[in-house]
Amino acid sequence: TTRVLTGITTSGTPHLGNYVGAIRPAVAASHRDGVESFYFLADYHALIKVQDPARVQRSTLEIAATWLACGLEPDKVWFYRQSDIPEIPELTWLLTCVAGKGILNRAHAYKAAVDKNRADGEDDDAGISAGLFMYPVLMAADILIFNANQVPVGRDQIQHIEMARDFGQRFNHLFGKDYFSLPEVVIEEHVATLPGLDGRKMSKSYDNTIPLFAPRNELKKLIAAIVTDSRAPGEAKDADASHVFQLYRAFASAEETAAMRQAFAEGIGWGDAKQQLFERIDAEVAPLREKYEALIARPAEIEGILRDGAQRLRAKYAVPFIAELRNAVGLRDLG
Ligand code: ATP
């Protein structure tokens, strides 16, 4: 079997980008034969960006309810919260001790933060936590603790998977056995990266999102707020340059998309295009929203599902594997 792993950071309310880019394809993949799926709420990762405990807790509940509303079946897949698996930070340390610092220096997220400091005339590392710097090692531990073979990611994440391979390989080499199988990079070519309200990538930490389960009237308002150019109805519009079109395409069939492209060329007004976008998204999301609202009202049940998932997963994989790894590096057997 192939082990497929997907995580979402608990840094805010899940949005259309998380749904199109991660949740929808991952739930579809979980129904395929020969696949063992791992879905986790990346709350240790959230701490890199968020120092607001209420936000992390709320986000954990929202993201868990979202996965469940979108059709994840917790008795058929592994569904857990990262921080319920203490073997993950333990493995993070074991990997930290074999990870090349030079490799981490080249990680995109860290480099981008340094570049920004330079552009602002600050010291290179001003305001950058060691957590941001070490993030690829934590991500490697997320993958390697369960020997996941496939981690579907966007292009921006390729480098992190390569680092996980590098750290795993180095560990195997140093300790003389293939403890870790090395994950493959699976690029989701057909999965779109959705733009946010400000035109940057839609992202929880940019506060530029359209929440997946925004109530209908709010969804409508947010869609109305998407930035467009000033072309009037009747003037031809460039579909590929339009955020409205990019969002529409992510929710529409090939035929609907072709028809919308034609409408852009023929000068559809922005108001009309946005109305059609709203209707398309709402048609797909409305039944899920109803399930979500029912689930989010029962937090104790969600908590129970998460705890149960983590407990079973630890017993089956994480606890025996970390014991083997502790032994490999010369640490005491915890029994
Ligand atoms: P953060 O700002 O905390 O990084 P995020 O919303 O950008 O949050 P993550 O939680 O890091 O996203 O990512 C979860 C999954 O959602 C990943 O698989 C990622 O590729 C996908 N994803 C995130 N944003 C988008 C987007 N705008 N379009 C498509 N997929 C996205």
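H108 touches D156 and Q159, leaving out residues up to four places away in sequence; touching, or being in contact, means that the C-beta atoms of two residues, placed from the backbone, lie within 7 Å. H108 sits in helix α6 (residues 108-119). Helices here are DSSP runs of H or I with at least four residues, strands are runs of E with at least two, and both are numbered from the N terminus. H108 counts as partly exposed because 13 other C-beta atoms lie within 10 Å. The cut-offs behind that label go like this: a residue is buried if 20 or more other C-beta atoms lie within 10 Å of its own, exposed if 12 or fewer, and partly exposed in between, with C-beta atoms placed from the backbone.

A word on the model itself. It is a predicted one, in which local features need pLDDT of at least 70 and side-chain atom pairs count only at pLDDT 80 or more, while totals for chains, interfaces and linings use all residues. Residues are numbered from 1 along each chain as its sequence is written.

Now for the overall picture. The chain has 13 helices and five strands, and its C-alpha atoms fill a box of roughly 75 × 50 × 35 Å along the principal axes. Buried residues account for 37% of the 335 residues. Of the contacts between residues at least 6 apart in sequence, 76% join residues at least 24 apart.

The chain is assigned domain 1 (2-194 + 299-329) and domain 2 (213-294), with bounds that come from an automatic or database domain assignment. Taken over C-alpha atoms, the centres of domain 1 and domain 2 are separated by 32 Å. How many residues of domain 1 are in contact with domain 2? Seven residues of domain 1 are in contact with seven residues of domain 2. On the domain 1 side, helix α3 (residues 53-69) brings the largest share, three residues. By class, that side has six nonpolar, one polar and no charged residues. In this sorting, Ala, Val, Leu, Ile, Met, Phe, Trp, Tyr, Cys and Pro are nonpolar, Asp, Glu, Lys and Arg are charged, and the others, Gly among them, are polar.

Next comes the inside. In soluble globular proteins, nonpolar side chains tend to be buried together. A nonpolar core is a set of buried Ala, Val, Leu, Ile, Met, Phe, Trp, Tyr and Cys residues joined through C-beta atoms within 7 Å. The largest one here has 84 residues, and L91, L95, A140 and A141 touch the most other members. Helix α7 (residues 130-144) gives the most to this core, eight residues. At least three residues of this core come from each of domain 1 (2-194 + 299-329) and domain 2 (213-294).

A140 is in contact with L95, M163, A164, F167 and G168, setting aside neighbours within four places in sequence. T96 and A140 are 9.8 Å apart in space, C-alpha to C-alpha, and 44 residues apart in sequence. T96 belongs to helix α4 (residues 87-96) and is partly exposed because it has 16 C-beta neighbours inside 10 Å. Beyond four places in sequence, T96 touches M134 and V137.

Helix α7 also holds D142, where UniProt places the feature "binding site" in an unreviewed entry. UniProt positions follow the numbering used here, feature names are shortened, and annotations may be inferred rather than shown by experiment. Is D142 buried or exposed? D142 counts as buried because it has 25 C-beta neighbours inside 10 Å. Not counting residues up to four places away, D142 touches L5, G7, F40, Q82 and I88.

Most residues other than glycine have a negative phi. N147, not a glycine, has a positive phi of about 45°, and it lies in the loop between α7 and β4 (150-153). D207 has a positive phi too, near 50°, in the loop between β5 (184-187) and α9 (216-224). N147 is partly exposed, with 17 other C-beta atoms within 10 Å, whereas D207 is exposed, with 11.
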